[in-house]
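Dear colleague,

Please find below the structure that I am handing over to you. My notes on it follow directly after.

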Amino acid sequence: MNASKKVAAVTGANRGLGFETCRQLARLGIQVVFTSRDPSKGQAAAGKLHEEGLPVVYHPLDVTRFESIEHLAQFVRC
Ligand SMILES: NC(=O)c1ccc[n+]([C@@H]2O[C@H](COP(=O)([O-])OP(=O)(O)OC[C@H]3O[C@@H](n4cnc5c(N)ncnc54)[C@H](OP(=O)(O)O)[C@@H]3O)[C@@H](O)[C@H]2O)c1
């Protein structure tokens with residue numbers, strides 16, 4: 001993670017408002033952590049933004065599971 005950039009972690013990013021939020025934040029130069037509860041859906045959707053030249057990074061997140069939130073927090077801190 002680039003420590004000099006603002007970082008935004010977006011939940012439910014594989015579709016809908018989450019997906020478009022990732023696109024808009026990445027276009028502003030913010031480091032976007034693109035998350036979804038289903039890794040295959042999330043990585044496929046993040047790939048669409050990579051094709052647009054937007055450097056989002058993917059990490060799984062299920063907001064109903066505490067350990068999943070902890071894993072994401074550790075990832076963002078690194
Ligand atoms: N669209 C609107 O006009 C509008 C207006 C006002 C408010 N909202 C609210 O804004 C939110 C998003 O709307 P949307 O239209 O983008 O909804 P959506 O297309 O149904 O997308 C919802 C997203 O949340 C994810 N999600 C569900 N449970 C999750 C969990 N436990 N952990 C992580 N991610 C989870 C879904 O993942 P899966 O694909 O795995 O299910 C999906 O990516 C909703 O709460 C909606 O009620 C929407």
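**Findings**

S68 belongs to helix α3, which spans residues 66-77; helices here are DSSP runs of H or I with at least four residues, strands are runs of E with at least two, and both are numbered from the N terminus. The model is predicted, so local features need pLDDT of at least 70 and side-chain atom pairs count only at pLDDT 80 or more, whereas totals for chains, interfaces and linings use all residues. Residues are numbered from 1 along each chain as its sequence is written, and side-chain values use heavy atoms, with hydrogens and water left out.

With a relative accessible area of 7%, S68 is buried (under 20%; exposed is over 50% and partly exposed lies in between, with a 1.4 Å probe and protein chains only). Not counting residues up to four places away in sequence, S68 touches P60, L61 and D62, where contact means heavy atoms within 4.5 Å. A polar atom of the S68 side chain lies 2.9 Å from the backbone nitrogen of D62.

D62 also takes part in the surroundings of the ligand, together with G12, N14, R15, G16, L17, R37, K41, L61, V63 and T64 (each has a heavy atom within 4 Å of the molecule). An N or O atom in the side chain of D62 is 2.9 Å from a nitrogen atom of the ligand, and a polar backbone atom of V63 is 3.0 Å from a ligand nitrogen atom. On the oxygen side, a polar side-chain atom of R37 lies 2.8 Å from an oxygen atom of the ligand.

K41, another of the residues around the ligand, sits in helix α2 (residues 39-51). Its relative accessible area is 48%, so K41 counts as partly exposed. The C-alpha atoms of K41 and N14 are 6.2 Å apart, although 27 residues separate them in sequence.

The largest pocket holds about 230 Å³ of space. Its lining has 13 residues, and G12, N14, R15, S36 and R37 are the closest to its centre. (On a 1 Å grid over the protein atoms alone, a pocket is an open set of points where a 1.4 Å probe fits, with protein on both sides within 12 Å along at least five of seven lines; lining residues have an atom within 4 Å of a point. The volume is the space filled by probe spheres set on the points, which are joined across faces, edges and corners.)

Kind regards

Definitions and conventions
Polar contact = N/O pair within 3.5 Å; in protein donor to acceptor, adjacent residues only side chain to side chain.
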